[in-house]
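This briefing concerns the nonpolar core, the chain contact and the domain arrangement of the structure shown below.

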Amino acid sequence: MNERRNAWATTGDDPVADAPVLRLDGVSKSFGGLEVIRDLSFGVMRGQRTALIGPNGAGKSTVFNLISGVYPVTAGRIQVNGEDITGVPSRLRMRRGVSRSFQNIRLVSHLTVLENVLIGQTPRIFKLAEVLYPVRSARGSRWAREATDALERAGLAEFAGSQVNDLPYGVQKQIEIARALLGGADVLLLDEPAAGLNPQETEALKERLRSIAEEGKTIVVVEHDMQFVGALCEHVVVLDFGQKIAEGTPAEVRREPQVVEAYLGSDAE
Amino acid sequence: MSGYLEGVLVILLLNVIFAYAVYWPLAAGQLNLGVAGFVGVGAYVSAYASNEYGVSPWLACIGAGMVTFVLALIIAVPVLRTRGIYLALATFAFGQVLQSLFLNLEVVGGAAGYPVLAYLGIGGIAVFAFAVFLVTAFLERTRFGLNMVAVHDDEAVSDLFGINVRRYQALAFAIGAAFAGLGGGLYGHHFSYIEPQNYSILFSISVVLFVLLGGTQTVFGPLLGAFFFTLLPEVLRGSEEWRYAIFAVLIIATMILRPQGLVTAGELRAVRRLFGGGALAGRSHG
């Protein structure tokens, strides 16, 4: 379970057992004539903690939007659990295995914390009887218990009945993660989970994400906090101007001259 | 019961039904300004069924609700392609089309109106009004209601979490229309006479107004709005010709002082916590 895998580059065919849980192949995205993602390929192994980094405007959030289906790709393929989801509508992608949080918190502001987490279970609801079950009033039901447990594990139990808007930013960020987890997806895309958190909260988040990964979830973060990335992630993909410029362990990518240049600018000027 | 009191109560009960007809689309983020049209369809369909085919007024009214439900689902396809102000305009236009249809349908009397032979008393109307409230209050506690709030607040996120946004919007629109049709049928069978002028935009707007006054965040908002809107003019009756001016001032004051409506979700939660009610919201962790 804890065996460390090396960074995985998408070249050649791999046996299924060793196939990445999330895989992008030659993905491109253009808005009008502007190409924001160019021929991007990378793979993420099960249980791995991956960071997608790069300067502002490198296209990191766009990659998340492509994986979760907010935008269609212009070219290329996206696979989850070996299944091609490139043409799957955004509404069905969580059922296929990718869940996400958002850079700007997107909780349902008119619902309580617990109710927001209940929304996270939607991808696993199929029966009409479950849709018409008064889950908001039945605290003992299977779904409500599961949601309550999820809040407890995230250390958010005390906020279950609060309205989300009244809560501090750091707490709202954690609720988003708890909600994203309950959809049953294998891959968790977290868009700047540490942004706006204080040092203690950041530390707690790191621990939480580590234990989530140990339970078998695959985590991909977009993050600016390089210390956070170095401490959490074992696999880093660096983007600049929509292209992958480096991939490897945090230590490896830090040595890449192109990465240094992208972050600090070249010496030429 | 005095005739006056009964008259006021009937209007109140009907207004409760109409309030939920407007509340449902609003709960999904849509402003339906064509509700009068659906009320009219319900009134004419049920009146025609009981006049011409001897259908019992109860069945005729329920049937009218089913007809407007289906009609709304069909209309939802083109109408829900529009958003915001354009959606309001599209529903408004639809209501106008229906009103002119009633004006020109000679088979139901056209502009001269249409007498309704069968009669339904206050008891029947009360049963239906209560049922409308119960159905709404129940659905609000389900995942269906939860998803409806999500669709109202954030369509993109709802979609990503697997909620079929268009389906929820269409259903909210259609459930509202069903209540409108039911209310229309009850109105006709109680007052024994319907005419196209009843189903004008003014009717739609006044219902929307009192639902917004009551608040759209909880199921109790429309109820309170209907009470407020029906009873206040009666209470102000003593002030003679100043009645409507005072009423208007009170409405404006309410909008300034309570922009989210008379009841909000947060307050309701506070009340539930106070009484340790059975809602999730009231749960405390020890």
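**Core, interface and domains**

Within the largest nonpolar core, which has 166 residues, Ile17(B), Ala19(B) and Ala21(B) touch the most other members. A nonpolar core is a set of buried Ala, Val, Leu, Ile, Met, Phe, Trp, Tyr and Cys residues joined through C-beta atoms within 7 Å; buried denotes 20 or more other C-beta atoms within 10 Å of a residue's own, with C-beta atoms placed from the backbone. The model is predicted: local features need pLDDT of at least 70, side-chain atom pairs count only at pLDDT 80 or more, and totals for chains, interfaces and linings use all residues. Residues are numbered from 1 along each chain as its sequence is written, while chains are lettered from A and ligands numbered from 1 in the order in which they are written.

**Contact between chains**
- Chain A contributes 37 residues and chain B 30 residues to the contact, defined by C-beta atoms, placed from the backbone, within 7 Å.
- On the side of chain A that touches chain B, α2(A) gives the most, with five residues.

**Domains of chain A**
- The centres of domain 1 and domain 2 of chain A, taken over C-alpha atoms, are 27 Å apart.
- Eight residues from domain 1 of chain A and eight residues from domain 2 of chain A form their contact.

Notes:
Contact = placed C-beta atoms within 7 Å. Helix = DSSP H or I, 4+ residues; strand = E, 2+ residues; numbered from the N terminus. Domains from an automatic or database assignment. Buried ≥ 20, exposed ≤ 12 C-beta atoms within 10 Å, placed from the backbone.
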